[in-house]
Amino acid sequence: MIPGNEGYTVHVVSHTHWDREWYRTRQQFRLALAETVDTVLQYLREDPAFRAFLLDGQAVLVEDYLSLRQDRPELAAELTSRVGEGRLSIGPWYTQPDEFLVSGESLIRNLQIGIATAARYGGAMRLGWIPDTFGHIAQLPQILRGFGITAAALTRGVGDELPGPRSEFRWRSPDGSEVLVLHQVQGYFSAGLMAFPYFWGDVVQAAPSVQQAIERVKPLLEGLRDNSGSSQLVLWNGADHMPPEPGITETIRQLNLWGATTPEGYHFLHSSVEQAAGAVAAAGAVAAATPGGEALPVVTGELRGSRYHPMLYGILSTRTYLKQHNSRVQHLLERYTEPLAALSGRDWHEEIREGWRLLLQNHGHDSIGGCSIDEVHREMRSRFTQAGEIADQVAENALRRIAAGLTPPPGSPPAPPSAAGLAGCLVFSPADRPRSAVVEHVYRGAALPEEHLVAVDASGATHPVQLISQELCDYGWLNRLTTTGEAKQALPWWQEVLRQMDNLEIAGCNLAPARAPAHTPSDAPAPAANTTPAKLQLQLADHLSHGNSAVIAELARELAALPGGPDQPLAITASFYRCTLAFAPRLPPLGFASFRLCPSSPQQPGARLPGAGVEVRVEEGVLHFSGGTLSFPRDGSVELTTTGGKRFPGLNRLALQGDAGDTYDFCLEGDRRQLLPVEPAVITVLEGGPVRATMQIRAHYPKVGTVTTTVAVEAGSERVAFRTELTNTMQDCRLQVEFPLSGTSRVLADAPFSVEERPPATTPTTAQTTAQNTAHWLQPPAETAPHSQWVAPGSSDDAFVLYAPGLPEHEVRREGGVSLTLLRCVGWLSRGDMKTRVGHAGPMIATPEAQCPGPAVFQYHLQWFPGSAAVEEAVPRLAGATLPPRTVPVATASTPAAPSSLMDLEGTDFVLTSCTGGEKAAAGGPPQGAGPITVRFYNCRSREVTARIRLHRSVLSCSRVTLDGRLLQELPVDANGWVTVAAAPREIITLALRLSLPYSA
């Protein structure tokens, strides 16, 4: 007994942990969920002593349940009532996510949508319930506090942050935000079915035994007393996919009779988790204020340890195709769809919310982790596709809406019709800083000249355009034999079909009247009128906002003027050229720039890339770019020579390891082998510059098969882009790609709202020390680690930044440098015979699709820096470095519209993560503008910073708000649009901007 206390209060928290999909499909578990929630409501209805039940902290479970109970609306009302009474806890998450495999913004959306969903059914629980998540990011306390959540409960992730096990501690983010953690040292299932012989399973036919409960809780309570700093203890009465324990309230009553007779004086209380957390927090505050008392210990940083529970490290690379798909959709939503919708002046929040809802349903830890049965992950692909389709369509619609509102500078001549041969594009740059970036635009229309094509910006500067590809496309739907009268009548409809179906329009035509035969014998009868068809070639082009009514009107007049009259046969063909072109302008941050594309003479001055020596080229098989040169030995690797003459050979070499693991953990089998091609690699030049230069490496490897890698560099960039393709037939192995770098002494890794520095185990001595220090852990730590977008191994002299979104697992090599995991191929959900984990992590079910058979494509970038300090300095620019601009075609005047930005973070230590719009448009009403717009960024430094930010001219006011929108502080905006923002170390900053309406690009 703790001195000064008269007994222990034991909070019995009844709950279920509900993996929405795992070793069964979503639909199979949904049927079981409906029965479970029915049982919960019955307990709450019939037993007043059954005070509380926790529905796993996921609001999506309420949606799943009610979708199967639509014919009984009284159940929705009853559920809502129980939540409102505090007896049933739902939310705050929408789904219970993995934290390292999704973005920081997706965690915020998860809480936003979860809390909003729970609000429709009585309100969300205000506690971060994350019992089974495979480790925790350092910034989770700050995220939770941003929603007014002050406590969390978790099982996995704790290592040696504290000298010994603790049932409660304070967890602090770098900015100082803290939450109380109820650490389930004994597991979230420790007191599941405590009055029965086993903690998990069907006990409907069995009777509860108080003696069984006493014997069960005795060692649990002894451990809790040793691990706790107060008299408030918590027993976790639940397990995976389990209904409430039968007879639990009577068991608690009986335990109280027993507890009163113990020296410890146990008093058992059926509690909600919020009630238990509040009692623990109050007891901790009393202890800290008591002379000789002890405050709760403080833990900082990531929780990725496996001292008490397995971390299941291998999920970082299980089924990498899921991680790649997730990364693409996340980037699309966060960096394109949401900001474009916000800036467009129209409210698309319902469509965007649906995209997020579908995506978040894939973020459950067993889902995005890839550690479920094959059927589950097949369904995930469909949800990824649907979320991506919504996100892409909204982004396209929003960008076209913005393009339609463009106004050229005052005094510009009117835009010529597209038939005049001039084309243009509006470019959106999602990066938060000004940058030179390659714009790749797809133009559809007339053929473009092979050379001397330029893009002209608002200042009149010209940028050389590289024509990547050009092909003639037949538009078969319009190809037909009709009459001139029918064609004339159908023209407006055809134009509308083209616009609606393919964003095309009739931009020009070539009409050839019917020709009489060259010679007619004198005795032959006269030819019948209107039997020889005229020929109409329709030239299609991108639909532009102004439409092309002039072309349609002129074509109608020409058809009417044909000598054969309205019954004259008419043969129609339609086509356009599809051209992919690239140019490298300077782009504004989080904003737009427009360009006019046109031919120029070879002597035209200024048709060069900005800056000296930024063009890329291929000379004698060597790529030349801003970062130096790339050469291609025939062993399939790449060698970089920097502009300063440093050589880095052996880059992008493949390495293969046998894997005797499962979907949860890697287990090395045999030796790790660097791979060499069976025959010398075939090197081919694909693109020769000046905007982009690309080489192709094609090599055949033992076991792996043929691997095709393209290596590309772009004008003005020091990054090297890799695209590796193969058709996988391998099984039970791990395929990595290596980037050796000697002297690796530091590793920086991008993480949600943070940059983490992790000590590299780069020498046998270091690795041996790590093994000795963690020998008491339940699971040994892995040599691999996560990153969100990039990882940077380095030293004081050299460093690499490896950008690899969607490929979140890296391994710092003992020889130096880093390996990136491309594939991990395994055949079992769980195995029990592994060296990297004791026992099973789930059912032993065959998962042949986890071998990842079939075509696979991996994309990543590499950049050299002169040391880790240079990487640290560049961190604010890294997040947006690989975000490609997005374009739409526009009608252009002789002078394009001036560039425009919502905000500019240049010169700050802030990293933009989000730009979203308000929900102000009335349903069915006119657009209400883009305000308010919410932007979010974080201070990437481990120190306090104060910076000035330049805002768009239409911003009327600026305020700091919490993650859930509560006002913190009004910030003055001066007459020139500058606002001053102070931030604590790694602090997440959310600004609400009120704009004049509408926002004008």
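1. The second largest pocket has a volume of about 1500 Å³. Its lining counts 44 residues, and T770, P781, A782, E783 and T784 are the closest to its centre. Bear in mind that this is a predicted model.

2. Which elements supply at least two residues each to the lining of the second largest pocket? They are β29 (668-674), β36 (754-757), α15 (764-773), β37 (784-786) and β40 (809-812). Of these, α15 gives the most, with five residues.

3. By class, the lining of this second largest pocket splits into 16 nonpolar, 12 polar and 16 charged residues.

4. On confidence, the protein averages a pLDDT of 91. A score of at least 70 is reached by 91% of the residues. Residues 414-421 have a pLDDT below 50; this stretch has 12 contacts in the model beyond near neighbours in sequence. Residues 920-930 also have a pLDDT below 50, with 21 contacts beyond near neighbours in sequence.

5. C579 counts as buried, because its relative accessibility is 0%.

6. C940 is in no disulfide either; the nearest cysteine sulfur, that of C958, is 19 Å away. Is C940 buried or exposed? C940 is buried, with a relative accessible area of 4%. The cut-off for buried is under 20%.

Conventions: Residues are numbered from 1 along each chain as its sequence is written. This is a predicted model: local features need pLDDT of at least 70, side-chain atom pairs count only at pLDDT 80 or more; totals for chains, interfaces and linings use all residues. Side-chain values use heavy atoms; hydrogens and water are left out. On a 1 Å grid over the protein atoms alone, a cavity is a set of points where a 1.4 Å probe fits but cannot get out, and a pocket is an open set with protein on both sides within 12 Å along at least five of seven lines; lining residues have an atom within 4 Å of a point. Grid points are joined across faces, edges and corners, and a volume is the space filled by probe spheres set on the points. Helices (H or I, at least four residues) and strands (E, at least two) are DSSP runs, numbered from the N terminus. Ala, Val, Leu, Ile, Met, Phe, Trp, Tyr, Cys and Pro count as nonpolar, Asp, Glu, Lys and Arg as charged, and the others, Gly among them, as polar. pLDDT is the predictor's confidence in each residue, from 0 to 100. Contact means heavy atoms within 4.5 Å. Buried means under 20% relative accessible area, exposed over 50%, partly exposed in between (1.4 Å probe, protein chains only). A disulfide is a pair of cysteine sulfur atoms within 2.5 Å.
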